[in-house]
Amino acid sequence: MLDRAVVKEFLDCQLEGLEIHEDISREALVELFCQYTEDDYYEWLKDNFKSFFNHGDPDWEWVRGRLKGEKQ
């Protein structure tokens, strides 16, 4: 879960100079952006999980090599 205070600070900087409509509160915008980002992040994690674990057939030798610091 994202730190809402950090995201608010980030958005404050990034949105500087942009007009936000009066009917959209800053807090609601922060929350919606966090939800959007977390959804995308979850999909990214799932994709990387599949790749890392070779779609259910993990290459444990590759994992051991990486843990030992070997580049493969």
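Me: Is Cys-13 buried or exposed?
Reply: The model is a predicted one. A residue counts as exposed when its relative accessible area is over 50%. Cys-13 has a relative accessible area of 52%, so Cys-13 is exposed.

Me: How many disulfides does a search of the whole structure find?
Reply: A disulfide needs two cysteine sulfur atoms within 2.5 Å. The sulfur of Cys-34 is 15 Å from the closest cysteine sulfur, in Cys-13, and therefore too far for a bond. The number of disulfides found in the whole structure is zero.

Me: Is Cys-34 buried or exposed?
Reply: Buried means a relative accessible area under 20%. Cys-34 has a value of 0%, so Cys-34 is buried.

Me: Which helix holds both Arg-64 and Glu-61?
Reply: The side chains of Arg-64 and Glu-61 meet in a salt bridge, at 2.9 Å from N to O. Arg-64 is partly exposed, at 44%, and Glu-61 is exposed, at 55%. The two residues are three apart, about one helical turn, in helix α3.

Me: How many salt bridges does a search of the whole structure find?
Reply: Among them is the pair Lys-46 and Glu-43, at 3.1 Å from N to O. Arg-4, Glu-31 and Glu-38 are linked in a network of salt bridges. The search of the whole structure finds six.

Conventions:
Residues numbered from 1 in each chain as written. Predicted model: local features only at pLDDT ≥ 70, side-chain atom pairs only at ≥ 80, totals over all residues. Heavy atoms only, no water. Buried < 20%, exposed > 50% of the residue type's maximum accessible area, 1.4 Å probe, protein only. Salt bridge = Lys/Arg side-chain N within 4 Å of Asp/Glu carboxyl O. Helix = DSSP H or I, 4+ residues; strand = E, 2+ residues; numbered from the N terminus.
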